[in-house]
Amino acid sequence: MLKLTDDGAKITLQSQSQTTDNGMFWFGSALLIGAVAVAMAMSFLSERLAIGALALLIVGSFVFNRQRQKQKKAMAGTISGGILWVRTGELVHDNNGKREHIHLTDGDTAKLIGEQLQIVDASDSCKYHISGFDSVQEATAAKAILQGQALSKRHVNIKMNSD
């Protein structure tokens, strides 16, 4: 939903189902079960076997954390839900109370890809990928505001309610 403000617009993005990695969930579950197994092994098995089981659990935890950090980095530039305040050269993304201020530099440009907006830098690499707009018109309006253009009727349909 798009609401025009004095200096830009407020856009409510529709959260889209994130492609979460079920493999990470199952790997984390296996580590939890492994921790219980290691605790039992420490009381039933010899010291050597218990230490070996503990070492396997530590290695598994290390691998799990590395994969989780890679997944976080991959999702860093993706915005798909929450509230987006758009002003000339600036975005503010509010997602469940967490606010992120995004300032565009001189070389940054906004590109429309269907109903999605991409912010790319001067070397044409994607910095932010924004999805969850209700329509192409909302994405077009956001792009126009970011670039400092005045909104016209072709960018936004404004409905007026009479009470």
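Which residues of H3 are buried? In H3, the buried residues are Glu138, Ala139, Thr140, Ala141, Ala142, Ala144, Ile145 and Leu146. Buried here means under 20% relative accessible area, exposed means over 50%, and partly exposed lies in between, with a 1.4 Å probe and protein chains only. Helices (H or I, at least four residues) and strands (E, at least two) are DSSP runs, numbered from the N terminus.

Before I continue, a word on the basis of these values. This is a predicted model, in which local features need pLDDT of at least 70 and side-chain atom pairs count only at pLDDT 80 or more, while totals for chains, interfaces and linings use all residues. Residues are numbered from 1 along each chain as its sequence is written, and side-chain values use heavy atoms, with hydrogens and water left out.

I return to H3. Because 8 of its 11 residues are buried, H3 is largely enclosed by the rest of the structure. The cover over these buried residues includes strand E1 (2–4), E2, E4, strand E5 (90–95), E7 and E8. Just after H3, Gly148 adopts a positive phi of about 80 degrees.

Next, the nonpolar cores. A nonpolar core is a set of buried Ala, Val, Leu, Ile, Met, Phe, Trp, Tyr and Cys residues joined through side-chain atoms within 4.5 Å. The largest one has 19 residues, of which Leu84, Val86, Ile130, Phe133 and Leu146 touch the most other members. Two or more residues come from each of strand E2 (8–13), strand E4 (82–87), strand E8 (116–120), strand E9 (126–130) and helix H3 (136–146). H3 gives the largest share of this core, 4 residues.

Contact means heavy atoms within 4.5 Å. Apart from neighbours within four places in sequence, Leu84 is in contact with Ala9, Lys10, Ile11, Leu13, Leu91, Val92, His93, Ile130 and Phe133. There is also a second, separate core of 6 residues, among them Met24, Val38, Ala53 and Leu57.

I turn to the sheet. Two strands pair if DSSP finds at least two bridges between them. An open sheet is formed by 4 strands in the order E3-E9-E8-E7, with mixed pairing. Its edge strands, strand E3 (78–79) and E7, each pair on one side only. Strand E7 (residues 109–113) runs antiparallel to E8, and 5 bridges join the two. Across them, Lys111 stands opposite Gln118, and Ile113 stands opposite Gln116. The hairpin of E7 and E8 has 2 residues between the strands, and Gly114 takes a positive phi near 65 degrees there.

Finally, the aromatic pairs. Rings of Phe, Tyr and Trp (its six-membered ring) pair if their centres lie within 6.5 Å; planes under 30 degrees apart count as stacked, over 60 as edge-to-face and the rest as tilted. The structure holds 2 such pairs. Phe25 and Trp26 form an edge-to-face pair, 5.0 Å centre to centre with 75 degrees between the planes. Phe25 counts as exposed because its relative accessibility is 51%, and Trp26 counts as exposed at 58%. Phe27 and Phe64 form a tilted pair, 5.8 Å centre to centre with 40 degrees between the planes. This pair links distant parts of the chain, 37 residues apart: Phe27 lies in helix H1 (residues 22–44) and Phe64 in helix H2 (residues 47–74). Phe27 is partly exposed at 30% relative accessibility, whereas Phe64 is buried at 18% relative accessible area.
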